[in-house]
Every structure is written in C-alpha cells, then in structure tokens.
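Here are my notes on this model, point by point. Please read them with the structure open.

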Amino acid sequence: MDAYTPCPCGSGKKIKFCCGAEVIPEVEKLDRMLDGEQRRAALEHIARLPAKLREKPSIWAKKIQTLLATGDTEAYDSAAREMLAAYPDNPIALACVAPLEVQADRVREGVAMLQRAIESIQEEAPGFGIVLITGGVLTTANALLAAGHVWAARAHLRIVDLWMESEDNPAAQSLISMDRDPSLPLVWKDDSGHLYCATDAPYKAEFDAAASLSELGKFQVALDRFEALLAQHPKEAALWRAVAIERACLADDAAAAEAFQKLAALDGVPLDEAVEYELHAIALRLSADDLTTDAVDLLGATVAVNDFDALLPRLLSDKRLIRLRVDLSSLAQEDRPPPRDAFRLLDRPALDAAAVEADGGASVRREDVPCVLGELFLFGRETDRDARIEMEVRRDELDKALSILAEIGGDALGGITDERVLQQIGQTQRTLMWRWHWPPAVATDAYERLSREEFRYRLLEKWPQMTGRGTEGKTYGEAARDADPRMRRLVLAAILDLESNHRETEDASVFNELRTNLGLPALNDLEPFRVDLDHISLLRLSRLPAQLMPDEQLLMAFNLAASVRAVAALSRLGEAIVERSSIDADRKIRVLLSLARATSSITQLFDCLRRGRELDVARGKSPAVWLLEELAASLSRPDKARPVDALIERIMAHRQEPGVAQQLMRILTAFGVIDPRAMYDMPSRDAGISVGGVELKAQAPAFSGEAVGAGAPAEEKKSGLWLPGMD
Ligand SMILES: [Zn+2]
C-alpha cells in the first residue's frame with residue numbers, strides 16, 4: 001500500500017488525496033490484526049487512536065469491517081449509521097446502511113443509497129479493499145428478495161456476480177437456484193436480455209450508452225437517460241421497455257408496472273408481446289401490493305366431541321374417513337398428550353380397492369374419485385380439556401366438511417368451538433389444484449388420464465368463473481368478452497401465466513382450447529424469422545418452431561429452457577432434438593436425461609428412460625445408468641404394471657461396473673426405510689409435481705450435465721451421466 005493506492009475508504013481517490021498517507025500504517029496494522037482474527041484487539045486499537053485519525057473514513061471502514069466479522073450486528077448497524085451521518089457521501093457507509101433501510105421497509109430509500117454508492121465506482125468492479133460495498137449490494141439483494149421485490153433482488157445479484165471473480169460466488173448461486181426453482185413463476189425469471197432497440201433507431205447510440213450503465217448496476221442514471229430519450233420519442237416501445245426495466249431494478253414496482261402497461265397498450269406492439277408485458281405488469285403489481293390476490297384461508301378448526309366412545313367406531317366404519325398410518329406419539333404438541341387417532345376426511349366414499357385392482361382403475365370416472373377435504377385428529381378428554389376433533393380444512397370447504405362429519409358422528413359430535421387461520425391459499429391454486437385419494441392398485445395410465453380430465457374440467461369450466469386479477473371485479477370469462485382491449489390482454493396474460501408454469505406437457509393444447517372458448521386468439525408457434533434467442537422472452541420458449549430450427553439453435557434453446565425449468569418448452573425442443581439424425585447420440589442422451597428429470601408425467605419419464613437406454617445399448621454402452629434411474633422412479637411411484645424385482649435383477653447383471661452396486665444399495669436403502677404402506681396415496685396434485693420422480697428430483701443435483709450444445713466443456717462430457725443419489 002502506498003500513497004497512490006486507491007483509498008480504502010472507497011472514495012475512488014488515491015490515498016494521498018483522500019484520507020492522507022498517515023492512515024497507511026494504521027490500515028496495514030488493522031488488516032494484519034483482521035487476518036489473524038484479532039478482532040477485539042483491532043477494535044481496542046481503533047478506540048485508542050487519536051480522534052483525528054480514528055474519524056478518517058478509511059479507519060471507520062475498517063471498524064465496520066471488523067464489527068461485521070465479529071457478528072455483533074447491533075454494533076455493526078450503529079457504526080454504519082454513525083459513519084453515514086459523518087460522511088453522507090461515502091460509498092462504504094451508503095452500501096452498509098442501504099440493506100438496513102430495505103429491511104426497515106424503506107425500500108426505495110435503501111436502493112437509492114446503494115445507487116449512490118454504485119455510481120461512485122469508476123471501473124467495472126469496486127477497487128482494492130472495497131469488499132464492504134459488494135457485501136452491501138449482496139445483503140440488499142437478499143433484503144429485497146425477502147420483501148418480495150424479486151426483479152430488483154435479481155438485478156442486484158447480477159451486479160455482485162459481475163464484480164466477484166469466482167464463478168461460484170454466492171450471487172451467481174442464488175440466481176441459478178432461483179432459475180431452477182420450479183415454484184418461482186417463469187415471469188420472474190424473464191428479466192434479462194430485454195434492453196435493446198432497433199439497429200436503425202435514431203437514438204441507438206444514446207440507448208446503448210444508457211444500457212451499458214444499467215449493466216454496471218447504475219440503474220438510476222440509466223433510468224434518467226432512458227426517460228429523457230422517452231420524452232423525445234414518446235411512442236417508442238424499446239424506450240418504454242427500458243424505462244419499465246430500470247424502474248423494476250430500482251424496486252419501484254408500481255411505476256415499473258405502469259410502464260409495462262403503457263408498453264402493452266402501445267400501437268404497433270404485437271398482441272403476443274403485449275400480453276407478455278401485461279403479465280410482467282401483473283407480477284410487479286402483485287409485489288407492490290397494488291393488486292390483492294383473493295386468497296382463501298386454510299383453517300385449523302376444533303369440533304367438540306360429546307361422546308368419544310360412541311364416535312370412534314362411527315369414524316372407523318365410514319368410507320369417507322381414512323385412518324392415517326402415522327406414529328401418533330409424533331403428533332404430540334408440547335406437553336400435551338398426542339391425538340388418539342388421525343384420519344383423512346374425503347368428500348365422498350373412498351374407491352373400492354378390490355374393484356380398482358380388477359382393472360387398474362380403467363373404469364373409474366373422474367367424478368367418482370374422492371378429494372381430500374382435510375386431515376383430522378381425534379383427542380380424548382384431558383384434565384383441562386374436553387374430548388375434541390381438530391382438523392385442517394380450507395374455509396370454502398369447511399361447511400362441507402362439517403356436514404359430512406355431522407352425518408357420520410350424529411349426536412356424538414358437538415359444534416365447532418374454535419377456528420384459526422393457519423395459512424392462505426391463492427385463488428388460482430384453489431381452483432386448479434386438488435388432492436385425490438386413491439387406493440394403491442390404480443395404474444399409472446388410469447391416474448394420468450383422470451388427472452388430465454380433472455385438470456381440463458377445472459381449467460375450462462371453473463377457471464373462467466374466477467374473479468380476474470386486475471379485471472375490476474369481472475370474472476375472467478366476462479373480461480374476455482369485454483370491449484376494452486386491456487381486459488382481454490389481462491385474461492390472456494393470466495392464461496399465459498398458467499401455461500408457462502404448467503408442468504404437465506400432455507396438456508399443452510388445452511390452453512389454446514381455453515383461449516378459443518373465451519373468444520380469444522390462440523397462441524401459435526413463432527415464425528422462424530422472429531426467433532432471436534439473444535432477446536427472446538422466456539414466456540415464448542414453448543412456442544419456438546422446433547422442427548424448423550437449425551441444430552445449433554435448437555440445442556441452444558434447449559439449454560436455455562433447461563436453465564429456467566421451462567418444462568413445456570423443454571419437452572417440445574427435446575423431442576425435436578431426439579428425432580434429428582444430424583444430432584449425435586451423446587447430446588441426445590443428455591437431452592433425454594434432462595427431460596426425464598424435468599417432466600412431471602410418469603409416462604414421459606419412463607419413455608425418456610427407455611429411449612435413452614436403447615440409444616446407449618445401440619452404441620455398445622452399459623444401460624446401468626438408465627436402469628438405476630428407472631428403479632428410483634419406479635420405487636417413488638409404485639405401480640403393479642412395473643415390477644421392480646426384474647429391474648433389480650437386470651441392474652445386478654451390471655454390478656461389476658464402477659459405482660453401480662453402490663448406487664443400487666443407496667436407492668434400495670433410501671426407499672427401503674419407507675414403510676410400503678406409507679405409499680398408500682398417489683402423490684398429491686397440490687405438491688406441484690403430481691407424479692413420481694419427486695424423490696428422484698429431491699436427490700438430483702438438477703441438470704448437472706446442463707450444457708448440451710457444442711459449448712459444453714470437454715471435462716464435463718468426460719464426467720459422464722449423473723447417477724441417482726450422486727450429489
Ligand atoms: Zn479515503
């Protein structure tokens with residue numbers, strides 16, 4: 001460190017012209033103490049320094065850095081705030097206080113502080129010794145995420161990723177795990193690559209200059225420039241889009257939503273694009289709490305029991321109650337005795353297991369399959385409490401549950417004595433998701449057929465009757481026929497949202513059926529000339545004309561879809577890749593494995609595993625990897641039609657191959673510890689993933705061999721395929 005080193009206070013100036021050369025020996029001494037983890041000694045040393053030195057911003061920064069390392073958040077917070085009071089423009093003070101502001105619900109203020117810190121950075125990454133600023137941006141990103149500002153959080157994570165040298169930095173990891181999270185709606189992942197304008201736009205040079213500032217995280221400066229350009233060219237879609245994006249990066253979600261809405265209504269914007277913008281507006285309005293979701297409560301309700309001894313046999317003999325096979329003692333709360341029994345309450349009698357077994361469920365009709373209303377727990381009399389039933393049930397199904405219980409229990413049951421809200425369920429979830437109760441003998445194809453029928457019924461019949469988001473109290477069905485084009489865009493945006501997050505690839509055409517039913521235009525495949533993978537909206541990936549795309553573009557698109565778990569797109573693109581004779585077996589195998597892991601359809605899962613195995617066998621390779629995958633999938637979703645014993649035998653034939661015996665043991669142990677009777681239920685639809693592979697996915701390091709295209713690094717190809725349970 002010398003007089004011409006950038007000052008450790010973060011000002012960007014050289015030490016000599018900032019804090020002064022006299023801080024150099026002190027800073028070096030403090031750095032040595034910090035390296036040696038002598039934090040208390042460092043703090044004592046700072047306290048003993050003469051005030052003139054102690055109050056230099058670079059010594060303040062060292063104090064904050066030391067307090068951060070001690071984990072004493074209170075002392076850290078107050079030191080950061082004191083430093084900011086003394087040096088209101090110091091970037092380190094600003095970056096350290098910014099996340100505190102966001103956490104204290106002063107989101108815009110915190111983000112604005114951070115912008116001032118980022119603006120002070122002259123180069124691409126903060127200079128030597130300014131780890132505190134990077135840390136401040138990262139903490140702010142996490143605080144933004146916690147506050148529901150997903151777009152802004154991701155934008156801040158990208159700044160950290162840009163600054164940090166290691167590829168597996170925490171920001172990059174957060175971004176990747178968000179992208180891979182199937183429960184995060186695709187619209188939230190669709191937030192990069194949209195800052196562009198036409199090459200012949202008169203403002204192209206200024207646009208690009210502003211866009212590169214935005215890439216460095218200088219969102220406010222970029223926004224000011226884009227807004228100035230917009231004032232001169234008020235009808236330009238590229239400028240409205242840029243303004244919407246910068247506002248969202250700054251966590252000004254309501255203003256961003258407004259810009260996206262303006263953009264959607266602009267002349268010349270194609271309808272499919274307008275609908276995507278409208279969906280962004282909806283997502284941002286939801287995070288700005290500007291739009292309320294009409295959620296329903298999940299209740300914990302208590303019903304009095306008048307006569308425990310009379311009630312129990314009635315509960316046990318009714319086919320609408322299924323006894324839960326659980327260890328009751330594990331359900332004891334605090335020092336209270338556990339429930340005496342636990343049941344699942346169905347809305348109609350359970351299917352006859354013997355009848356289902358006879359034909360695997362082929363003759364079962366959708367309307368016959370019972371839905372689970374909730375779980376109920378029967379408690380006996382305790383010293384200070386009467387006998388009672390405690391149950392978990394949705395508010396809109398409470399009356400139904402109570403009337404069934406009254407029917408079963410008669411005078412042995414009293415009335416409801418207490419209810420409390422456990423959590424809330426959104427209206428879309430309420431309408432489109434359900435829990436079925438099945439006897440174990442149902443075959444996969446019957447289950448999948450009925451699931452598709454039920455989903456069709458719910459989507460086509462029930463969903464249009466739901467009150468729309470932002471549709472001024474109109475149902476989706478009414479809004480679709482409204483004269484106002486915005487109302488129709490809102491319905492189309494809601495359908496796009498459902499479609500882009502739907503995980504059952506076989507249902508693809510049902511969404512266009514819904515559009516047509518509602519008198520709205522169907523969404524068609526993109527024209528090949530409109531395919532631009534650099535700027536494509538993720539919401540459009542499933543409309544890529546897979547058959548017409550050149551090999552490399554197809555593989556690129558597949559990788560993109562895989563990285564954000566766009567299941568419908570993955571399936572279409574993957575099928576096209578597997579069918580092409582011009583693409584080699586190696587890539588096809590990776591594609592099939594990715595597809596098998598991503599799909600929620602059991603049929604498709606086993607189909608992918610079979611085709612992958614055949615490809616490997618055809619080129620003289622061992623099928624063991626595929627057989628192991630198949631075993632894990634079969635065990636996670638037992639089906640009589642798919643006997644496991646034969647599969648294990650086939651795997652045993654390969655037990656001499658490296659890793660095979662160990663993997664087999666791991667799978668068998670993992671599933672063997674589960675009591676087979678616990679598999680009684682089909683995986684429930686409301687788990688998000690309706691069919692097998694749930695356990696498989698939980699173990700999978702998710703698309704470890706992600707890159708399918710030519711760009712895959714050589715060593716990654718060598719590492720071979722992922723084996724179940726290999727983390
Ligand atoms: Zn300084």
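This is a predicted model: local features need pLDDT of at least 70, side-chain atom pairs count only at pLDDT 80 or more; totals for chains, interfaces and linings use all residues.

1. For reference, the ideal angle for four tetrahedral donors is 109.5 degrees.

2. The nonpolar cores. The largest nonpolar core has 163 residues. Which of its members touch the most others? They are F226, W463 and L544. A second, separate core has 24 residues, including L299, A301, L398 and A412.

3. W463 in detail. Residues up to four places away in sequence are not counted here. W463 touches T431, L432 and R458, then Y476, V491, A494, I495 and L498, and finally L514 and L518.

4. Helix α13, residues 219–232. At 1.5 Å a residue, its 14 residues should span 20 Å. The end C-alpha atoms are 20 Å apart, which agrees. Which residues of α13 are buried? F219, A222, L223, F226, L229 and L230 are. These residues cover an arc of only 125 degrees around the axis, which puts them on the same side of α13. An α-helix has 3.6 residues a turn, so residues three or four places apart point the same way. On the other side of α13, A231 and Q232 are exposed.

5. Helix α29, residues 624–636. Its 13 residues should span 18 Å at 1.5 Å a residue. The end C-alpha atoms are 18 Å apart, in agreement. Of the 13 residues in α29, 13 are buried.

6. T444. This residue sits in helix α21 (residues 444–462). T444 is buried, with a relative accessible area of 5%. Leaving aside neighbours within four places in sequence, T444 is in contact with I602, T603, R637, D639 and R642.

7. R489. Helix α23 (residues 485–501) holds this arginine. Its relative accessible area is 9%, so R489 counts as buried. Beyond its neighbours within four places in sequence, R489 is in contact with A264, A265, L271, A274, V275 and E278. The C-alpha atoms of R489 and V97 are separated by 41 Å, and the two are 392 residues apart along the chain.

8. M466. Buried or exposed, for a residue with a relative accessible area of 7%? M466 is buried. M466 is found in the loop between α21 and α22. Neighbours within four places aside, M466 is in contact with Q427, T428, T431, K474, T475 and Y476. M466 and E478 are 12 residues apart in sequence and 9.8 Å apart in space, C-alpha to C-alpha.

9. Two positive phi values to inspect. Most residues other than glycine have a negative phi. Phi of E37 is near 60 degrees, and phi of E472 is near 55 degrees. E37 is found in the loop between α1 and α2 (39–48). E472 is found in the loop between α21 and α22 (476–480). E37 is exposed, with a relative accessible area of 55%. E472 is at 65% relative accessibility and counts as exposed.

How values were computed
Residues are numbered from 1 along each chain as its sequence is written. Side-chain values use heavy atoms; hydrogens and water are left out. A nonpolar core is a set of buried Ala, Val, Leu, Ile, Met, Phe, Trp, Tyr and Cys residues joined through side-chain atoms within 4.5 Å. Buried means under 20% relative accessible area, exposed over 50%, partly exposed in between (1.4 Å probe, protein chains only). Contact means heavy atoms within 4.5 Å. Helices (H or I, at least four residues) and strands (E, at least two) are DSSP runs, numbered from the N terminus. The expected span of a helix is 1.5 Å times one less than its number of residues. The arc is that of the directions from the helix axis to the C-beta atoms.
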